[in-house]
Amino acid sequence: QLFNCQALRKLSIPDNDLSNLPTTIASLVNLKELDISKNGVQEFPENIKCCKCLTIIEASVNPISKLPDGFTQLLNLTQLYLNDAFLEFLPANFGRLVKLRILELRENHLKTLPNI
């Protein structure tokens, strides 16, 4: 029922034992800040793209190997923290995130970067 709180602006749940983000996160259409750092989240659901108000995502220290293509539809994103994850690549359209001001990708498995 947490995801029925459509007026929610900030969701901060670091240092827990979450293994996934439910697809119902898409109902949080007014969410601006999401902190899921230091959990066991392996992937973002494709419909994270419905959270169009997101400006800050902190998802460091999670075993996330890839971002869904829908991630590049978060056009209001200004800060993205994905340090110490297992990212192997970024989506090809990552350059669409033109409002992005801070991008932290320390300690990942990136071998190439898309044209940004």
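Analyst: The questions below take up the overall fold, then one residue. The model is predicted.

User: What makes the radius of gyration of the protein chain agree with that of a compact globule?

Analyst: For 116 residues, a compact globule would have a radius of gyration near 13 Å, and the protein chain has 13 Å; therefore the two agree. The C-alpha atoms fill a box of roughly 40 × 30 × 20 Å along the principal axes.

User: Which secondary structure elements does the protein chain hold, and in what order do they run from the N terminus?

Analyst: The protein chain has 0 helices and 5 strands, and the order from the N terminus is β-β-β-β-β.

User: Where does N62 lie, and which residues does N62 touch?

Analyst: N62 lies in the loop between strand 3 (56-58) and strand 4 (79-81). Leaving aside residues up to four places away in sequence, N62 touches I36, S37, K38, N39, G40, V41, D84, A85 and F86.

User: How do you know that the side chain of N62 makes polar contacts with backbone oxygens?

Analyst: A polar contact requires a pair of N or O atoms within 3.5 Å. The side chain of N62 reaches the backbone oxygen of I36 at 2.9 Å, and a polar atom of that side chain lies 3.1 Å from the backbone oxygen of A59.

Terms used: Residues are numbered from 1 along each chain as its sequence is written. This is a predicted model: local features need pLDDT of at least 70, side-chain atom pairs count only at pLDDT 80 or more; totals for chains, interfaces and linings use all residues. Side-chain values use heavy atoms; hydrogens and water are left out. Helices (H or I, at least four residues) and strands (E, at least two) are DSSP runs, numbered from the N terminus. The radius of gyration is taken over C-alpha atoms; the globule rule is 2.2 Å times the number of residues to the power 0.38. A polar contact is a pair of N or O atoms within 3.5 Å; within protein, one must be able to donate a hydrogen and the other to accept it, and residues adjacent in sequence count only if both atoms are side-chain atoms. Contact means heavy atoms within 4.5 Å.
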